[in-house]
Amino acid sequence: GIPEIVEDRQTGLLVKPKDVKALKDSIIHLIQDQTLRRLIASNGRRLVESEYDWGEIAGRYLLLYNELLEA
């Protein structure tokens, strides 16, 4: 489910499973690129606050339950 949540170079860096070199290179890139680190951190925080806030999640469930009750 990670590729469905993380947008590469926007909210994180995606690497293929078991690709140790790509993981190492991505970590080094983040260490060296302060602008990218800040962008990913800012975008990631915004994503979590808008999509995964418990109030937001509860509101979605409430809408779903109301739709099911009306059906």
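Is arginine 60 buried, exposed or partly exposed, and what is its relative accessible area? I looked this up before anything else, keeping in mind that the model is predicted. Arginine 60 is partly exposed, with a relative accessible area of 37%.

**Entry: salt bridges of arginine 60**

I went on to the charged partners of arginine 60. Its side chain meets that of glutamate 51 in a salt bridge, 2.9 Å from N to O. I also found a salt bridge between arginine 60 and glutamate 56, at 3.5 Å from N to O. Glutamate 56 and arginine 60 both belong to helix H4, which spans residues 54-70. Because the two are four residues apart in that helix, about one helical turn separates them. Glutamate 51 comes out at 33% relative accessibility and counts as partly exposed. Glutamate 56 is partly exposed too, with a relative accessible area of 34%.

**Entry: the other charged group**

How many salt bridges does the structure hold? I noted five. One of them joins the side chains of lysine 24 and aspartate 25, with 3.5 Å from N to O. For lysine 24 I wrote down 45% relative accessibility, so it counts as partly exposed. Aspartate 25 is at 32% and is likewise partly exposed.

I then returned to the glutamate 56 and arginine 60 bridge, 3.5 Å from N to O, before looking for shared partners elsewhere.

I picked serine 26 and leucine 23 in helix H2. Serine 26 lies in this helix, and leucine 23 has its place there as well, the helix covering residues 20-32. Which of the categories does serine 26 fall in, buried or exposed? Serine 26 counts as buried, since its relative accessibility is 17% and the cut-off for buried is under 20%. Leaving out residues up to four places away in sequence, I found serine 26 touching Leu13 and Val15.

Leucine 23 has a relative accessible area of 44% and is partly exposed. I found leucine 23 again in a nonpolar surface patch of about 350 Å². Val15, Ile27 and Ile31 make up that patch together with Leu23. Val15 therefore turns up in my notes both as a contact of serine 26 and as a member of the patch.

**Entry: isoleucine 40**

Where does isoleucine 40 lie? I placed it in helix H3, residues 34-51. Isoleucine 40 has 12% relative accessibility and counts as buried. With neighbours within four places in sequence set aside, its contacts are Arg9, Gln10, Thr11, Gly12, Leu13 and Leu30. I took one C-alpha distance for this group: isoleucine 40 and leucine 13 are separated by 8.5 Å, although they stand 27 residues apart along the chain.

**Entry: H2 against H3**

Two packed helices are described by the angle between their axes and the distance between the axes. I looked up both values for H2 and H3. The angle is about 100°, and the axes are 5 Å apart. H2 and H3 are therefore roughly perpendicular to each other, as angles of 65 to 115 degrees count as such. On the H2 side I listed His29, Leu30, Ile31 and Gln32. On the H3 side they meet Gln34, Leu36, Arg37 and Ile40.

How values were computed. Residues are numbered from 1 along each chain as its sequence is written. This is a predicted model: local features need pLDDT of at least 70, side-chain atom pairs count only at pLDDT 80 or more; totals for chains, interfaces and linings use all residues. Side-chain values use heavy atoms; hydrogens and water are left out. Patches are made of residues with over 30% relative accessible area and no salt bridge: like charges are joined within 9 Å, nonpolar side chains (Val, Leu, Ile, Met, Phe, Trp, Tyr) within 5 Å. Accessible areas come from the Shrake-Rupley method with a 1.4 Å probe; for residues, only the protein chains shown count as cover. A salt bridge is a side-chain nitrogen of Lys or Arg within 4 Å of a carboxyl oxygen of Asp or Glu. Buried means under 20% relative accessible area, exposed over 50%, partly exposed in between (1.4 Å probe, protein chains only). Contact means heavy atoms within 4.5 Å. Axes are lines fitted to C-alpha atoms, for helices over the stretch in contact, and angles run from 0 to 180 degrees between N-to-C directions. Angles under 35 degrees count as roughly parallel, over 145 as roughly antiparallel, 65 to 115 as roughly perpendicular and the rest as oblique.
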